[in-house]
Amino acid sequence: MSSGKILWVDDEIQLLKPHMLFLEKKNYEVTPCTNGADAVESVSEEQFDIVFLDENMPGLSGLETLSLIKEKLPNLPVIMITKSEEEYIMEEAIGSKIADYLIKPVNPNQILLSLKKNLDNSRLVSEKTTSNYQQEFRKISLDLAMVNTYQDWIELYKKLIHWEIELESISDIGMTEILESQKEEANSQFYKFIKNNYSDWFHGGEKPILSHTLFKDVIVPQIEKDPGTLLVVVDNLRYDQMRVLEPVISEYYKAIDEKSFFSILPSATQYARNAIFSGLMPLDMEKKYPNYWKNDTDEGGKNMFENEFLTEQIKRLGLNLKHEYYKITSVSKGRELAANFAKTKNNDLTVIVYNFVDMLSHSRTEMDMIKELASDDKAYRSLTLSWFKNSPLLEIIQKAQKMGLKLIITTDHGTINTSRPSKVIGDKNISSNLRYKTGKSLSYNEKEVYEIKDPKEILLPSLNMSSSFIFAKEDYFFAYPNNYNHFVKYYKNTYQHGGISLEELIIPCVTFQPK
């Protein structure tokens, strides 16, 4: 079986006979060619896996030949070989998307290495990735049996996300399925951890950074080190989505600090994001700022006073900061801010809440087309990356870098792809979220929820004297018995938030310095 078909183009091809014999012994098929015109004709008539192309030839030069080959077959790998080390030739060749660049005289092993890199790369990467994950699988399994602190859970979740992203680049479905089963097991164990420890975090137990302590403990120290900071809160941004955005951001910024923190429960915008901006738990927000806080059943938007909450927190912390707050809920608003972003240059802190990812996850529930585009976590990450690359937010980040601003990117909570329904019954005032419910007379399956009968225990307000909270575990979502089948079909395999999962609760806050 052939290792690959090579077209080798060089006006002194007879001098390369030993190289071609060496490659033929390695099972490569080599077709010699002495000029650019014949090379262009050959690739039109015959299928090759790769082309070796001499840069310095009479008639059509190597660069001219390269251009003509790429016009016909833009995805055919071409390796440029030249005697010249002149920079402009390298730049032109690289600009024309060559696969590799070799300087004469080349030895057979150089040629072989370049072939391996270009023809066997995906197979070699796949084999190495699979082998590495197989070794790591056993360690993750042992870690799952031993994990018992919030720090352990952060590290384990990061490890699972690392391997999920690594494995998505290879085509080994078996390995992906094994990882999925590990994630399911991890979420099952994580639910038990939260159920056993969450309440203690508010009653003297050792606790992680939480939504209401993030600003004071993480963001303020960064602002004080270097005034002139852009804080971007991307609603509903999961840890894995942040990972795939970072390479784009790294073109302009260097990551200098990363803190993973826990969203409070419910892991929903109304609770978690208000907690970030106020520096308070929901029960304290209701008591101190009744004009700003709205409960689930109250009329109107639940996050209308984030800037007011932030202003009050800045005062309470005794900070002398000039800050501005912007909420972006549409592309047009994003473009408007990007166009006028220079006016923020005198701020100590500029805060942007960007709602796109939240809108994406909800529109995914409502629109079949979005459902198709984000059918699983891999597709969801890809769609988020595609949006970011073409968004006004990236333009804002580019302008912030030119202005020398420090950049902090975080979120309020994550989201999970829900697949299992859990029946719940309550009175007509029960809250509508599919991952948590609050109200009185709730009836549910106790094995599928974390129940808090007295909301004050975890610093949540009560709708009335007998209200309780329940939070869905793992990938469950709440469904009512009436019209049950229709409801389940409609919401199954949709991204939801508010409950207990690694994806919803363990979230990133990354600080970047401009390059």
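Predicted model: local features only at pLDDT ≥ 70, side-chain atom pairs only at ≥ 80, totals over all residues.
**Helices, charges and salt bridges**

Trainee: What should helix α8 span, and how far apart are its end C-alpha atoms?

Mentor: Helix α8 covers residues 173–197, which makes 25 residues. At 1.5 Å a residue, times one less than the number of residues, α8 should span 36 Å. Helices here are DSSP runs of H or I with at least four residues, strands are runs of E with at least two, and both are numbered from the N terminus.

Trainee: Which residues of α8 are buried?

Mentor: Buried means under 20% relative accessible area, exposed means over 50%, and partly exposed is in between (1.4 Å probe, protein chains only). In the chain, 53% of the 515 residues are buried. For α8 the buried ones are M175, L179, Q182, K183, A186, N187, S188, F190, Y191, F193 and I194.

Trainee: Which network of salt bridges includes K183?

Mentor: A salt bridge is a side-chain nitrogen of Lys or Arg within 4 Å of a carboxyl oxygen of Asp or Glu. The structure holds 29 of them. K183 is linked in a network with E164, E168, R238, D240, D377, R381 and E503.

Trainee: Which elements does the K327 and E306 pair tie together?

Mentor: The two side chains meet in a salt bridge at 3.7 Å, N to O. K327 lies in a strand and E306 in a helix, so the pair ties together parts 21 residues apart in sequence: β8 (residues 323–328) and α13 (residues 306–316).

Trainee: Where do K399 and E395 lie?

Mentor: K399 forms a salt bridge with E395, the closest N and O atoms being 3.8 Å apart. K399 is partly exposed at 29%, and E395 is partly exposed at 33%. They sit four residues apart, about one turn, in helix α18 (residues 392–402).

How values were computed. Residues numbered from 1 in each chain as written. Heavy atoms only, no water.
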